[in-house]
Amino acid sequence: MNRLPFALTCCLVTLACGNGSPPAKAASPNGTGGTVNTATGGAGTSGGAADASGGSSNTPVHLLIFTRTLGYRHPSIDVGIGALTGLGAARGWQVDSTDDPSRFSDAGLAAFNVVLFLSTTGDVLDDAQQLAMQRFIRARHGFVGVHSASDTEYDWPWYGELVGAYFSAHPAIQEASVIVETKNHPATAALSSPWLRTDEWYGFRSNPRANATILLRLDESSYDPAGTGMGEDHPIAWAHEFEGGRALYTALGHTDESYQEPEFLAHLAGAVEWAAQ
């Protein structure tokens, strides 16, 4: 089966981070639960790096965007919801967004095959909701984490393994050069390398390379890490198969402007569609 092309038919429109199918409607401005029903929905073996090619699939995407924050709340969250909703409309996804953790139950997740944590922060799910999320992934479904999804659930080790690494620190927002390390993946196939762009560049508490396929890494010589760097090997996006499902994390996406960049939107689109397989 052939993957849909990365053509984007629409682009939507400091010290940051701290510690069935309903009818179509636009995402609500505060991110608490708009739905777009644009299509009619599983994912990848347990543990280990992802197939670098990502495969190709026409699996319909049923995406739940989760935006709860109990720490810093990024102003770009609402812009990100709009951009992902626009991608869904253009690519035939069903998209819903919420900051309500009660959606994390077997019944609440039943309509979806991908959950995307969009710049979440803090301890966003209780014990029962965490177990529902684990069952969701073990049912061969997908997860995408964006930006401060790695600044989330520090006391839930399973989530740390799902994401791949926890946030450590970042310098001031600035331009840097991103190296595409794995080109033949849906989340990177549309990207130039090096990819010069402006964002908030995360450092991490550990390097996920041993357990994930590194998709993008930072060239630390291209910006000032200001004590937050990881050296020559600084992953900034990666993917892996995990407990029957698929998980992809990208640290990009702090700024409003990110969600107007065609290449970044292509990166997100490929991430979601890979996770849905």
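Ring pairs link Phe-66, Phe-104, Phe-117, Phe-143, Trp-156, Trp-158, Tyr-159 and Phe-242 into a cluster. Rings of Phe, Tyr and Trp (its six-membered ring) pair if their centres lie within 6.5 Å; planes under 30 degrees apart are stacked, over 60 edge-to-face, the rest tilted. The model is predicted: local features need pLDDT of at least 70, side-chain atom pairs need 80 or more, and totals for chains, interfaces and linings use all residues. Residues are numbered from 1 along each chain as its sequence is written, and side-chain values use heavy atoms, without hydrogens and water.

The count of aromatic pairs is 16. Phe-204 and Trp-238 are edge-to-face, 5.1 Å centre to centre with 75° between the planes. Phe-204 lies in strand S9 and Trp-238 in strand S11, so the pair ties together parts 34 residues apart in sequence. Strands are DSSP runs (E, at least two residues), and helices are too (H or I, at least four), numbered from the N terminus. Trp-238 is buried at 0% relative accessibility. Buried means under 20% relative accessible area, exposed over 50%, partly exposed in between (1.4 Å probe, protein chains only).

Now the core. A nonpolar core joins buried Ala, Val, Leu, Ile, Met, Phe, Trp, Tyr and Cys residues through side-chain atoms within 4.5 Å. The largest has 73 residues, and Phe-117, Met-133 and Leu-216 touch the most other members. Helix H5 (residues 262-276) gives the most, nine residues.

Finally, confidence. Mean pLDDT (the predictor's confidence in each residue, from 0 to 100) is 85 for the protein chain. Over residues 1-47 the pLDDT is below 50. Where pLDDT is low, the predicted coordinates should not be read in detail.

Key:
Contact = heavy atoms within 4.5 Å.
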